[in-house]
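Here are my notes for a first look at this model. Please read them with the structure open.

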Amino acid sequence: KNLEKNNDSLAVRIWKRISFSYMDPLFRLGATRQLQFEDLPPFDEDCNSAKMRDQLLHHWIAELKKENPSLTWALVHTFGREFAIGSLYKFPQDCLIFLGPAILQKLVGFIDPSVTPNETVSFAVGLQLVFALFLSQLFQSIFLHQYFERVFKVAMRVRSALTCLVYNKALQLSNSSRNNDAFSTGAVVNLMQVDCQKLMDFIPYASNLLWSSGFQILVAMAMLFSLVGVAAFAGLMAMLIAIPLNTWAMRKLGASQEGNMKLKDARVRAVTETLSGMRVVKLFAWAEPSLERVEKARTGEVAALRAFNLMSSLQGVFWSTTPVAVALAVFGTFVALGGDLTLSIAFPVLSLIAILQFPLEVLPWMLSSMVSARVSLGRLRRFLLAESLADP
């Protein structure tokens, strides 16, 4: 907002919002010399960290009055409306993405005379189809980038508000809470740097997990059914077979992530205690035992991370091959049932399977990110519920 000129007309402001051209002056300046802090525009008032902290704190205090306080609902009440408004831009993009296969089917009919042997096609029809395909891609890009611009801003605000909330809580911890290893200095730093970041990574793609991926899969399957009939169910079965395997992998990843965070806290705590007590370590010649303690904590953490990443990679490979299996199942079943696999069927089906590839690829990553975010939310909640000096 601070980059837009107040004397711009409404049409100019809308164009700048759509094309992000309000950033052009800053980019031109950065191309001529190194940008300085003074060159950057000030933050919008609604991005002020103190303001966001106060808003989240207000809803968190309201949750504390309940029997089972929920940090998730506090975040929803604080940032949910803004996230929902941003998510509205995702629905038109999801709808426009399915125009491509429909236009492609018409385009194949225009190019291949054997598809429409009794019809006369004109050059103008071909231009109209190409122009329609261009417009569908253009508006897809506009809606998608407007969506990302808004949800990433929400994610940044969530991270800033949670970081401030954790920092304020750390200043008010009681002596008994400070003596708890789960609330040590290293653990608090870990909460602000790692756990808040995991929530920030999850939020921009939450719509894919909540509804967008399911919507794309359902519409794509419906269009496949209209093209190849019951052969579309062969592709559906291929995906249904993958769901139990993915559920099992998600449970394993969740347990592994919980263990990883505990090992990470132990490593940070060991390093922090060693560095803070370096004078005592040197005085009593405890360098070797201290080093062994840190190395032992780090070795356990690295082993756990290796196991987590290996399982995550194997799951990613499995899900990335799912679209290929779907294509083989659809075409194989369609031909086996006596279907005539023509260009007007093959190209739209391949286009629909390509559309299926993104939700199929993003779902496992989103489920893994959701597991990490859920673990981080639980850790943040436990810390915010710790005994403090302000408690009665």
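1. Start where α3 touches α7. On the α3 side, the contact uses S49, M52, R53, L56 and L57. On the α7 side, the partners are R157, S160, A161, L162, C164, L165 and N168. By class, this contact holds 7 nonpolar, 3 polar and 2 charged residues. Keep in mind that the model is predicted.

2. Next, the geometry of that pair. Helix α3 covers residues 49-64, and helix α7 covers residues 123-171. Their axes lie 8 Å apart, at an angle of about 75 degrees. An angle from 65 to 115 degrees counts as roughly perpendicular, so α3 is roughly perpendicular to α7.

3. Now turn to α4 and α7. Here the packing angle is about 160 degrees, and the axes are 9 Å apart. Angles over 145 degrees count as roughly antiparallel, so α4 is roughly antiparallel to α7. The crossing of α4 past α7 is right-handed.

4. Which residues of α4 meet α7? They are L71, L75, F79, E82, F83, G86 and S87. They face Y147, R150, V151, K153, V154, R157, V158, A161 and L162 of α7. The contact divides into 10 nonpolar, 2 polar and 4 charged residues. Note that R157, A161 and L162 are listed in the contact with α3 and also in the contact with α4.

5. Helix α9 is another partner of α7. The two axes come within 9 Å and cross at roughly 160 degrees. That makes α7 roughly antiparallel to α9. This crossing is right-handed.

6. The α7 residues in the contact with α9 are A155, M156, R159, L162, T163, V166, Y167 and A170. Their partners in α9 are V188, L191, M192, C196, Q197, L199 and M200. By class, the count is 12 nonpolar, 2 polar and 1 charged.

7. Last, look for open space. How big is the volume of the largest pocket? It is about 610 Å³. The pocket is lined by 22 residues, and the closest to its centre are T72, F202, I203, A206 and L377.

8. By class, the lining has 17 nonpolar, 3 polar and 2 charged residues.

Technical notes. Residues are numbered from 1 along each chain as its sequence is written. This is a predicted model: local features need pLDDT of at least 70, side-chain atom pairs count only at pLDDT 80 or more; totals for chains, interfaces and linings use all residues. Side-chain values use heavy atoms; hydrogens and water are left out. Axes are lines fitted to C-alpha atoms, for helices over the stretch in contact, and angles run from 0 to 180 degrees between N-to-C directions. Helices (H or I, at least four residues) and strands (E, at least two) are DSSP runs, numbered from the N terminus. Angles under 35 degrees count as roughly parallel, over 145 as roughly antiparallel, 65 to 115 as roughly perpendicular and the rest as oblique. Contact means heavy atoms within 4.5 Å. Ala, Val, Leu, Ile, Met, Phe, Trp, Tyr, Cys and Pro count as nonpolar, Asp, Glu, Lys and Arg as charged, and the others, Gly among them, as polar. On a 1 Å grid over the protein atoms alone, a cavity is a set of points where a 1.4 Å probe fits but cannot get out, and a pocket is an open set with protein on both sides within 12 Å along at least five of seven lines; lining residues have an atom within 4 Å of a point. Grid points are joined across faces, edges and corners, and a volume is the space filled by probe spheres set on the points. A crossing is left-handed if the near helix is turned anticlockwise from the far one by less than a right angle, and right-handed if clockwise.
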